[in-house]
Amino acid sequence: MGNPDRPELGAELTANFCRTDPEIARHFARVTFFSDNRADLPRVRTPSLILQCAADVIAPTSVGEAMHDALRGSQLVRMRATGHCPNLSAPEETIAAIRAFLSQQASA
Amino acid sequence: MALVTDDDGPCGDLTALPDGTILHLNRTLAAWTGRDQAAAAQGLRLQSLLTTPSALLFETHCVPLLQLQGFVNEVSLDLVNASGQRQPVLLCATAKRDEAGATALLRLTIFNAPKRREYERELVAARTAAEQATAQLRIQRELAERKVAEQAALLRAVGRMAAGDLTTPITLEIDSSLLPLASELERLRRDILWQIQALKERNDEIHKLNRELRYQIEQRSLKLVESLGARVEHRAAQPPASRPAGAVLAGRYRLEHVLGRGGMATVYQIERISDGRRFAAKFLSVRPDYQVLVRFAREAQFLARLAHPNLINIIDIDVTEDRVPYIVMELAGGRSLAEHAPRYRERAFVLPVLAQIAAALDAVHAAWRRAPRSEALERAALRRRARRGGHREAGRLRDLAAARARRHARRAACDPATAAQRPQPYPPAPDRSPPAASRARRRADAGRRPARHPELHGA
């Protein structure tokens, strides 16, 4: 947190993140699990980086590979991190992969 | 007595690496999930003990929270055993961190919770039912409000129709329960509107025909006096004092009886043979000299211009076989104003009568102001005057109207020559339609006019 002298701010923010509004959760789940945008992927022109975690029950390796095939000029990085939230479970590895991709894009 | 351990305690216990790889699970949990306790601890991930939805929830909800705050409490999940059977549980978990603050171990305690799940489902069902009931109520209230609004709209529409507005269509929502009623009203409205339209058109047609008829009578009066005038002086005979009942005039009218006698004319009731309608026919009863003829024709010509509810309409003008001119007019029933003399002091009686007399006079004056120059009559009169050496007769056409209103009590002298000396120019083109204002007034009067007073239109 940016205010180490005021720990209550950090606690409040954490509580905010951890709170789950059932209505929002339901809406999020509906949008996430009922959307299918695979047909849109070939139209994407933006340079893309796919971070594929190991043992992700939501997006297994086959998903990352299919994305990589469909997104023209995309890069696929297979991470050591497991689960679905590498930004939380393996922030260093996630940041390193993003930085590498961005610097490569900048020099290209 | 065996040593008490938590390995077969009443709740499941599991230790795993941060990615879910199981390090240890107790016997209770192994039994619940149908796994071999030793085999399970060989690279099995705890996510595989959960149903797919529960695994998703664990990954997306529990893992980030464990990362962020180091614990989760009372997360409702479903275990699944090897044969696919589910078991509702509650999960409490904590994250053990190393010295650097990174998550090193996950410690999970799992409670069997089928009754609680059932209770929660019942609660959810009850809440859903309550919400649906509320929604139903809201829908019903909205329906009721809509119905009230539609009824109000319909009432307003009926009010509009009652107030005479027949042009605004009556509309309701297509799915309204009042639609049949509204459609019926709308049909009624269109029907009435159509009938009014048809009546108006017919009325217009009749007005046109009447105007045309008057014009023809006027023209005929002119022709009559022109054709008679040249020969009258040496051929005219004294008309008969009385005409026999049943005598037929020009094959069109049958004489019935005398209605009245005046100084210059006798009025008979006649029947039109074609339709049996009764009229009044006024025959000249003096030997017609030129002046009398002109006056008579002029009267017919002027009567043809008058169209007013309080004035008698002229129907026809013709000449008998013995060359006596006659005018056919509407036959009015009722009694003479003179017979009402005892009521002359009754305001309620006199005022409406006076108003009608005034309206009739007004119409007469208006017609006179509009009257086009009757050149043939003027020429004839001028010739006549020249022959008589400047004879001048005080002609006041206004008296004609008064005379009519007073049922021939006094006959006015009408000298077109005098009239022609009036300073204001007459409109050159004959516009026989009464001005719009008086038309409108007549229409307005038509609805609430008191019964015609006989005196105002006596034959």
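Residues are numbered from 1 along each chain as its sequence is written, while chains are lettered from A and ligands numbered from 1 in the order in which they are written. In this predicted model, local features need pLDDT of at least 70 and side-chain atom pairs count only at pLDDT 80 or more, whereas totals for chains, interfaces and linings use all residues; side-chain values use heavy atoms, with hydrogens and water left out.

**Exercise 1. Chain A**

State how many helices and strands chain A has, and in what order the elements run.

Solution. 
- Step 1: Helices (H or I, at least four residues) and strands (E, at least two) are DSSP runs, numbered from the N terminus.
- Step 2: Chain A has five helices and two strands. From the N terminus, the order is α-α-β-α-β-α-α.
- Step 3: Two strands pair if DSSP finds at least two bridges between them. In chain A, β1 (residues 49-54) and β2 (residues 75-82) are parallel and share five bridges. A:Q52, for instance, stands opposite A:R78 in β2(A).
- Step 4: Between β1(A) and β2(A) the chain passes through helix α3 (residues 61-70) of chain A, giving a right-handed β-α-β crossover. Right-handed means that, with the strands pointing away from the viewer, the path from the first strand over the helix to the second runs clockwise.

**Exercise 2. Where the chains meet**

Describe the interface between chain A and chain B by its contacts and its buried area.

Solution. 
- Step 1: Contact means heavy atoms within 4.5 Å. By contact, 14 residues of chain A meet 13 residues of chain B.
- Step 2: The size of an interface is often given as the accessible area lost when the parts come together. Here buried area (1.4 Å probe, summed over both parts) is about 1200 Å², with 74% of it on carbon and sulfur atoms.
- Step 3: A salt bridge needs a side-chain nitrogen of Lys or Arg within 4 Å of a carboxyl oxygen of Asp or Glu; the count between chain A and chain B is zero.
- Step 4: A polar contact is a pair of N or O atoms within 3.5 Å; within protein, one must be able to donate a hydrogen and the other to accept it, and residues adjacent in sequence count only if both atoms are side-chain atoms. Three residue pairs (both at pLDDT 80 or more) are in polar contact between chain A and chain B.
- Step 5: On the side of chain A that touches chain B, α1 (7-18) and α4 (86-89) of chain A each supply at least two residues. α1(A) gives the most, with three residues.

**Exercise 3. A residue on an edge strand**

Is B:D316 buried or exposed, and with which side chains does the side chain of B:D316 make polar contacts?

Solution. 
- Step 1: B:D316 belongs to strand β10 (residues 314-319) of chain B. An open antiparallel sheet of six strands has the order β6-β7-β8-β9-β11-β10 (chain B). Its edge strands, β6 (248-249) and β10 of chain B, each pair on one side only.
- Step 2: B:D316 counts as buried because its relative accessibility is 4%, and buried means under 20% relative accessible area, exposed over 50%, partly exposed in between (1.4 Å probe, protein chains only).
- Step 3: The side chain of B:D316 makes polar contacts with the side chains of B:R252 (2.8 Å) and B:Y253 (3.1 Å).

Technical notes
Buried area = accessible area lost by both parts, 1.4 Å probe.
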